[in-house]
Every structure is written in structure tokens, then in C-alpha cells.
Amino acid sequence: MPEIVLLVLKIIGMILLAIVAIVLLLAVALLFLPVRYNVKAEADSEKKDENEKFYFDLKLKATWLLLFAAYVEYQKKQRIRFKILGITVYDSAKHVSTEKKQKKETDKIAKEEKKEKEENTASDNDVKEKDTKESEKKEKEEQTKNPFRKLRYAIERFCDTLRNIKEKKDAVINLWNDAQTVKCRNLIVQELLYLLKHLKPGKIQGFLHFGFDDPAMTGYGMAAYGMMIPVWGDFLTVEPEFEDTILQTSLIVKGKMKGFTFLKVFLRLCFSSDFRSVIKKVKALK
């Protein structure tokens, strides 16, 4: 008998060790094995579709270990698909058709329930009207007795809200200029630059022809693109338009990303005393 018990415990222990080993392997794979992505996008505000909207086409594919794949497509309609080992486990196009059938059934049930409620509430409306009339009479009598009471309360409430806004404004300005907040801002900028460098796509090519009603906005867009050049390089052929509103682009992006990159940034932020203290102060403002 003891031998049987030991054998059962041994089997249970081996199963638990196997489960722990599988979980650890999956965690390591998720952290260090990259997710590969491929994006193709085209847009042209000069071309119009049937709904008089500008032409936009997007195709995104992301794969991990050739086991999992995700597809996002948008051209007039959005479509999302997930595959595991080449087998489609989710397709938004099929999901939408089933949702339409369910909506029709729910609409029928809702209509029937509305009819029943209208019949039941018809008798209750007479009683409610009597009660509301009596309450209105009482309110009118109170207002005639002291007509300035309501005005005084409204002024007091308005003054309280102005006081709270001023206090919060001063608190936000003080928090923004605090030494810990300055250190926290610098840390966040540093981590964002780290992410941009490590998430740099392996291939980017295309062109961009854009413009806004306000030429200053076009200038801001060019400035934002110029800030990306030291990080990702001069990867686009950009043609700004300062006299018209336009968007024409064709873009191909290929790259990969690792979960460890995001984990590293998350841990550095969490272990920063300045970041934690600023989060506490922001919560205290609410």
C-alpha cells in the first residue's frame, strides 16, 4: 500500500514538474523570441470610393514561431483573423454575420417586451401624474416663500467649483515643476527613445505627400518627421504640400519586436522611486 501511494505521488510530481517546465519555456519564448510583422498601407485623398471617402488600404500580418498568426485588413471594411498552426480560430467577417442574426432575434424580443411594458405602465401613469402635480405644487409654494434661496445655493455651488478648479490648477502646476516630476519626465523620454531604437523596423520604404489647411501644421509634421530621422533614418520620400489639404502615401514596413524589450522598460519604470512617487501624487490630485 505505501508503495502505491509513493508511486501516485511520484506521478503527480512529474506531471507538476512538466507543467512548470512548459510554462517556463513559454515565458522564455515570449520574452526572447521575436514577433515578426509586415505592414502594407496605401492612402490617397484624391481617389474616392462609393461612399465618397478617400481611398485607404491596410494589410498587417504578425507571426510568432510560425505557430500563431494575426491578420488585419482594411479596405472599405475591417477584417481581423487569428490562426493557430494554420487553422483559423477567429474571423471577424464570420463573427459579424452571426451577430446580425442575434440582433434580429433580440430586436423581436425587445419589441414584444416594450408592448407588454406599455400596457403595464399605462395604468401606473395616472397615479404618477397625480403625485408629480402634488410635488410641483409643494415646490412652487416653497419657492414663493423664499425665492432667493435657490439663487443663493446656485451662487455658492458656482463659487465652490471655481475654488476647486483654482486649487487643482495650482496643484498641477506645482507638481509639473516639482524636482521629482522633472526626473520622471526625463526618465520617460529616455525609455521612449530606447523603445524607438530597439523597435526600429528592418525595412521601411515608401513615399508621403501630405498637407493641411494651415501651413504651420504641415511644418509641424515635417518637424516631427525630422525628429525621427536620427532614430530610424531617412526612410521616406516626403513631399510637403503647403497650399492644399492632401494625403497620398504608399508604405511597406517589415520588422520584429521582442517582449523582453517592453519588460525591461516596464521594470525600470517600476523600480524608479521618482516614477512611483509621481504616480502617487497624481492619484492624490483626483
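Let me start with Asp178 and Lys281, which form a salt bridge whose closest N and O atoms are 3.1 Å apart, where a salt bridge is taken as a side-chain nitrogen of Lys or Arg within 4 Å of a carboxyl oxygen of Asp or Glu. This pair links distant parts of the chain, with Asp178 in the loop between α3 (148-176) and α4 (179-198) and Lys281 in helix α7 (residues 273-285), the two being 103 residues apart. When I speak of helices and strands, I mean DSSP runs numbered from the N terminus, helices being H or I with at least four residues and strands being E with at least two. Asp178 is partly exposed, with a relative accessible area of 24%, and Lys281 is also partly exposed, at 32%. In these terms, buried means under 20% relative accessible area, exposed means over 50%, and partly exposed is what lies in between, calculated with a 1.4 Å probe and the protein chains only.

Before I go on, please keep in mind that this is a predicted model, in which local features need pLDDT of at least 70 and side-chain atom pairs count only at pLDDT 80 or more, while totals for chains, interfaces and linings use all residues. Residues are numbered from 1 along each chain as its sequence is written, and side-chain values use heavy atoms, with hydrogens and water left out.

Glu191 is buried, with a relative accessible area of 4%, whereas Arg268 is partly exposed, at 33%. The other one joins Arg81 to Glu73, with the closest N and O atoms 3.0 Å apart; here Arg81 counts as buried at 16% relative accessibility, and Glu73 is partly exposed at 27%.

Val182 and Asp274 are 92 residues apart in sequence, yet their C-alpha atoms are 9.1 Å apart in space.

The structure holds zero disulfides, a disulfide being counted as a pair of cysteine sulfur atoms within 2.5 Å. Cys184 is buried, with a relative accessible area of 5%, while Cys270 is partly exposed, with a relative accessible area of 30%.

Let me turn to the strands. Strand β6 (residues 203-211) and strand β7 (residues 237-241) run parallel and are joined by five bridges, and for two strands to count as paired, DSSP has to find at least two bridges between them. Within this pairing, Phe207 stands opposite Thr237 in β7. From β6 the chain crosses through helix α5 (residues 215-232) to β7, and this β-α-β crossover is right-handed, in the sense that, with the strands pointing away from the viewer, the path from the first strand over the helix to the second runs clockwise. Tyr225 lies in helix α5 and is buried, with a relative accessible area of 14%. Tyr225 and Leu236 are 11 residues apart in sequence and 9.3 Å apart in space, C-alpha to C-alpha.

Which backbone angle deserves a look at Leu65? Leu65 has a positive phi of about 60° although it is not a glycine, and Leu65 lies in the loop between β2 (54-64) and β3 (68-75). Leu66 lies in the loop between β2 and β3 as well, and its phi is near 60°, a positive value in a residue other than glycine. Leu65 is partly exposed, with a relative accessible area of 43%, whereas Leu66 counts as exposed at 79% relative accessibility.

Finally, the surface. A nonpolar patch of about 1100 Å² is made by a set of residues including Ile4, Leu9, Ile12, Leu16 and Val23, and Leu16 lies in helix α1 (residues 2-32). Patches are built from residues with over 30% relative accessible area and no salt bridge, joining like charges within 9 Å and nonpolar side chains (Val, Leu, Ile, Met, Phe, Trp, Tyr) within 5 Å. The accessible areas come from the Shrake-Rupley method with a 1.4 Å probe, and for residues only the protein chains shown count as cover.
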